[in-house]
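These are my notes from an afternoon with one model. I wrote down what I looked up, in the order I looked.

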Amino acid sequence: MHNTTSAPAWKRKIHEIIYEADTPAGKWFDVILLVLIVISLILVMLESIPGLGEKYAIPFITAEWIVTIFFTIEYILRVISINKPTKYIFSFYGIIDFLSTIPLYLTFFFGGFSALLAVRSLRLLRVFRILKVTRYIGEADKLSKAIKSSGPKIAVFLFAVMVVSIIFGTLMYLVEGPEHGFDSIPKSIYWCIVTLTTVGFGDIAPETPLGQFLATLIMIMGYGIIAVPTGIVSAEYAQDLKSKSDNLGSESPNYRHVNTQVCQNCLAKKHQDAAQFCHKCGYPLHD
């Protein structure tokens, strides 16, 4: 049986604007929120430039306080507009929202916390909810499933890479030795990983013919190693598409529901487009 007990009208209105992007008001709220997040990040970056932060200290601080006050009000409204505040407070976005708001207040007591405001960049993830484009949502869902399915294979592959790095790193330590910069096995393993991944910082390099030969083998292996994870994920991605095309149902295999509504009671997402009740707790999604 569905829970038909509805929240007060003002509470549902706030929830509709802050948590959802189906209405013009909700979309505008999210757009303004994202603009303020970007402005805040730009302010943090500009403030870190030597000389600029001191010269424009007052405008920077004023602007940052305006943004922080807006985020504080937003955080409070998010908490009071849902039936179970702890669902939001301890959720991923709830923690990020709190961490992105509190640093400026902490500077009153401890100082040096303003740089943590960069965590607000994580809030930009909400842009995908605002866009509400089926193509992007569907492709992101496919890629996410392919990566998850590839997890065990990639884990085995990374384990094999670590074993190879330990073996070759130890060999390089024995061949080159401390006199050529390979003064410990961990440092030699570090060099091997850097070389195997084709990064090549150049801080240490083999000087003996045998060491250079081993380095050549490692570099050649590196090109093959780069392609393996890509191939694994691509294979899973292709398999996912094939399985969907083999199991055609009433809907197109490429169709993805783009309903952005969030349950006011339990904050559940990913409802079907025509859903009237929450698929998790049965709370009504509409008045």
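The entries below go from the whole chain to single residues.

**Entry 1: the whole chain.** I noted at the start that this is a predicted model. I looked up the secondary structure and found eleven helices and zero strands in the protein chain. The protein chain has 287 residues, and 36% of them count as buried. I also looked at the contacts with a separation of 6 or more, and 61% of these join residues 24 or more positions apart.

**Entry 2: the record.** I checked UniProt, where an unreviewed entry lists residues 28-46, 58-77, 89-119, 154-175 and 213-235 under "transmembrane region". I followed up two of these spans in the model. Residues 28-46 are 100% helix and 0% strand, and their end C-alpha atoms are 27 Å apart. Residues 58-77 are also 100% helix and 0% strand. For residues 58-77 I get 29 Å between the end C-alpha atoms.

**Entry 3: a helix pair.** How do helix α1 and helix α2 pack? Two packed helices are described by the angle between their axes and the distance between the axes, so I looked up both. Helix α1 covers residues 9-19 and helix α2 covers residues 24-47; the angle is about 50° and the axes are 6 Å apart. That angle makes α1 oblique to α2. On the α1 side the contact is made by E16, I17 and I18, and on the α2 side by A25, G26, F29 and D30. I sorted the residues of this contact by type and got four nonpolar, one polar and two charged.

**Entry 4: the cores.** Which residues touch the most other members of the largest nonpolar core? This core has 17 residues, and the ones with the most such contacts are Y19, I37, F71, Y88 and L267. Helices α1, α2 and α4 (57-80) each supply at least two residues of the core. Helix α2 gives the most, with six residues. Another core lies apart from this one; it has 13 residues, including V161, W191, I204 and I218.

I then took Y88 by itself. Leaving out residues up to four places away in sequence, Y88 touches Y19, Y75, R78, V79, I82, Y93, G94, D97 and L267.

Entry 5: Most residues other than glycine have a negative phi, so I listed exceptions. T198 is not a glycine, yet it has a positive phi of about 60°. T198 sits in the loop between α10 (185-196) and α11. L267 is not a glycine either, and its phi is positive, at about 65°. L267 belongs to the segment after α11.

Are these residues buried or exposed? T198 has 39% relative accessibility, so it counts as partly exposed. L267 has a relative accessible area of 15%, so it is buried. The cut-off for buried is under 20%.

**Entry 6: a residue in α11.** I picked A235, which lies in helix α11 (residues 209-246). Its relative accessible area is 47%, so A235 is partly exposed. I also checked A235 against S150: they are 85 residues apart in sequence, and the C-alpha to C-alpha distance is 8.8 Å.

Note on methods. Residues numbered from 1 in each chain as written. Predicted model: local features only at pLDDT ≥ 70, side-chain atom pairs only at ≥ 80, totals over all residues. Heavy atoms only, no water. UniProt positions renumbered as here; feature names shortened; annotations may be inferred. Helix = DSSP H or I, 4+ residues; strand = E, 2+ residues; numbered from the N terminus. Axes fitted to C-alpha atoms, helices over the stretch in contact; angles between N-to-C directions. Parallel < 35°, antiparallel > 145°, perpendicular 65-115°, else oblique. Contact = heavy atoms within 4.5 Å. Nonpolar A, V, L, I, M, F, W, Y, C, P; charged D, E, K, R; others polar. Core = buried A, V, L, I, M, F, W, Y, C linked by side-chain atoms within 4.5 Å. Buried < 20%, exposed > 50% of the residue type's maximum accessible area, 1.4 Å probe, protein only.
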